[in-house]
Amino acid sequence: MDPTKILAKFKGDFTENPSRWWKLFENFVSLYYDESKFCNAFPLFLEENAQIWYNKLSDDVTKSQNNLKCEFLKKYEFSSGQNFQTSTELINLSQREDEKVSDYINRLHVLSENHDYGEQFTLWKLRNECKPELMRQMAFGKWPETVAEAENRLRSVEATSKCLLEEDQKRMQENIVTKLQPEMEKMLQQISAVNSKALQQPTTSPTMVEPLLDDRKVQHRTRTPRRQRRRNPCYRCGECDHIPSQCRFIRIKCNKCKSIGHKAKMCRSKPKHFSAQPSKFISATGLNNTKASNLIKIRVANHSGMAMVDSGATISAISADFYYANLHKKVTLKKASLLATGASGASLRGIGTIEVPIEIGRLTMQQTFHIFENFTHSIILGLDFLDNQKARLNFDDKTLVLQSGITEVPLTNGDNNDNSICFISLVNDEVIPSRSEVIIPVQTVDKSIKSKLGIIEPNPALVGKQNIVGATCLVQIRNNKTFLQVLNPTNAKVRLSKHTKIGKFSEIIENSISSEITDDTVEINSIDKGTQNKNNEAKYIEIAKSLNFNFSDSDLTTEQKQKLMVMLGTNRDVFAMNLFIRTWLYRSPSPPY
């Protein structure tokens, strides 16, 4: 290990104790070096200002340990009457919050008069230890190079800041007075109007003084006459012939909230409903829509059914009828009290919860369901299920994706139980060579499809993820297997793992096929544009020939001649057959009006 990295080097920037460092250096040399190498090792532990000072010493000083010690302590030791604590106080000296710049400069000069720190140290203190607001304004210009210039500029900046602060305070006071002046004038006008009205009206009824009971002291207030009594009802009793502070029910106890100061009929506290658990919301409850298109196939404890995917339901639920018909012998019901609200606002009473395994597509998981009576739907998958399974609804393909694509199931309306639509996946792991077209074996995810005719539509995600393109194919499903044509236009091999969703199979109903398509079949939505264009060109060429146009001697090509003849025939109206055409002048019997 390098010994120069054990002891900190002496910088000579007046932030160190030279006496303490010299003692440490002597101990260090006695431990790692011989006494004869003391003078040679000394410059290795100096840097910055101390190194510059050492280079200026003569050979007589650098070759003697005693001379080095005297010169070192003479240069960096503090003068008589000063100690290291005074130097530390000087280095940590900063301007106080309520101190002027001139006072801070005087303190700095007093503490540094016995030390030869130099002008740069004083400039450093003025630049870094003054108040931040002064430093922000000094930063707009170049910092002075001398101490005198820095002191003059700091005093000028302080005076300017003080003037600006006084102007801001004065402007703020003026703004406050300007804003409050209209309100004060309005209040004075109201007070004068009340005083003048009180002087004009004679006292027709004597004023009655009644004691006002308060929690701490008794006050006396005058009751207003009957014709001047307030119309707003008292919040303590509901009557309108007095103010709340003079209400006789000020000490009454409310039978509803048990507090003092108002009657039960005027109580504003909200009624408290007891519930064992927080109220849940089930949005699909009460809807009897059998044509809803957000149903999926599900197996709950090996019992098949259709579950509604409802993102508006906070919990997953099962009807009591479905539970007692299929699950009560296998799954234990845990008693639990739960209040839930349906979409129609009706309250539902829960009889308990169950935790059962469910199967959706190729995924098996545990799910907690709440059991409710008078439940319209058999099974509802709520937000708790969708959140835990990282579900994603794809409304373009009408599919539900679970666990970031591990399984994908179609959304149906409950009537699509004939398995006319299902997904297609790979039978084995496949490697598609670069820039090639291959035919790979695929299988249907739903094993109930045995032998059907239909169309396979490729998964659009293959283009973005795998950079491959699948063909839309008309296939025959046999034993849940068929083939799909795939194109890899890239320069790299593409690997597809087993059970990758590669497309969607849609069954074709054979009764919807009208007849075999032959060459004589007329397409309804097609127009024979080629034949029509050829007939029109021949027609326009005959019209151009009738105008005696002949381009046989020209340098045009055959294609150019044909295009020119078609153009002339199309614009037949601009050419005259007879150049001797008379123009008749018609005179009106009377001038037009």
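**Entry 1: a greasy patch**

I began with the surface, where Met172, Ile176, Leu180 and Met184 make a nonpolar patch of about 400 Å². For my own notes, a patch takes residues with over 30% relative accessible area and no salt bridge, joining like charges within 9 Å and nonpolar side chains (Val, Leu, Ile, Met, Phe, Trp, Tyr) within 5 Å. The areas come from the Shrake-Rupley method with a 1.4 Å probe, and for residues only the protein chains shown count as cover.

Before going on, I noted that this is a predicted model, where local features need pLDDT of at least 70, side-chain atom pairs count only at pLDDT 80 or more, and totals for chains, interfaces and linings use all residues. Residues are numbered from 1 along each chain as its sequence is written, and side-chain values use heavy atoms, with hydrogens and water left out.

Where does isoleucine 176 lie? I found isoleucine 176 in helix α10, residues 147-200. Helices (H or I, at least four residues) and strands (E, at least two) are DSSP runs, numbered from the N terminus. Isoleucine 176 is partly exposed because its relative accessible area is 45%; buried means under 20%, exposed over 50%, and partly exposed in between (1.4 Å probe, protein chains only).

**Entry 2: salt bridges**

How many salt bridges does the structure hold? I noted three, a salt bridge being a side-chain nitrogen of Lys or Arg within 4 Å of a carboxyl oxygen of Asp or Glu. Side chains of opposite charge can pair when their charged atoms come close.

- I found arginine 171 paired with aspartate 168, with the closest N and O atoms 2.9 Å apart. Both lie in helix α10, three residues apart, about one turn of the helix. Arginine 171 is partly exposed at 41%, and aspartate 168 is partly exposed at 38%.
- I found arginine 299 paired with glutamate 359, the closest N and O atoms being 3.9 Å apart. This pair links distant parts of the chain, with arginine 299 in strand β4 and glutamate 359 in strand β8, 60 residues apart. Arginine 299 is partly exposed at 32%, and glutamate 359 is partly exposed with a relative accessible area of 32%.
- I found glutamate 559 meeting lysine 563 at 3.6 Å, N to O. They are four residues apart in helix α15 (residues 558-570), so about one helical turn separates them. Glutamate 559 is exposed at 51%, and lysine 563 is exposed at 55%.

**Entry 3: helix α11 and its neighbour**

Next I looked at helix α11 (residues 320-327), where Ala320, Phe322, Tyr323 and Leu327 are buried. Why do they line one face of the helix? Seen down the axis of α11, the buried residues fall within an arc of 160 degrees, so they line one face; the arc is that of the directions from the helix axis to the C-beta atoms. Asp321 and Ala325 are exposed on the face turned away from the buried side. The cover over the buried residues of α11 includes β4 (295-300), β5 (303-309), β6, β8 (347-360), β9 (363-372) and β10 (379-381).

I then checked serine 319, which is in strand β6 (residues 317-319). Is serine 319 buried or exposed? At 4% relative accessibility, serine 319 is buried. Not counting residues up to four places away in sequence, serine 319 touches Ile371, Phe372, Phe375, His377 and Ser378, contact meaning heavy atoms within 4.5 Å.
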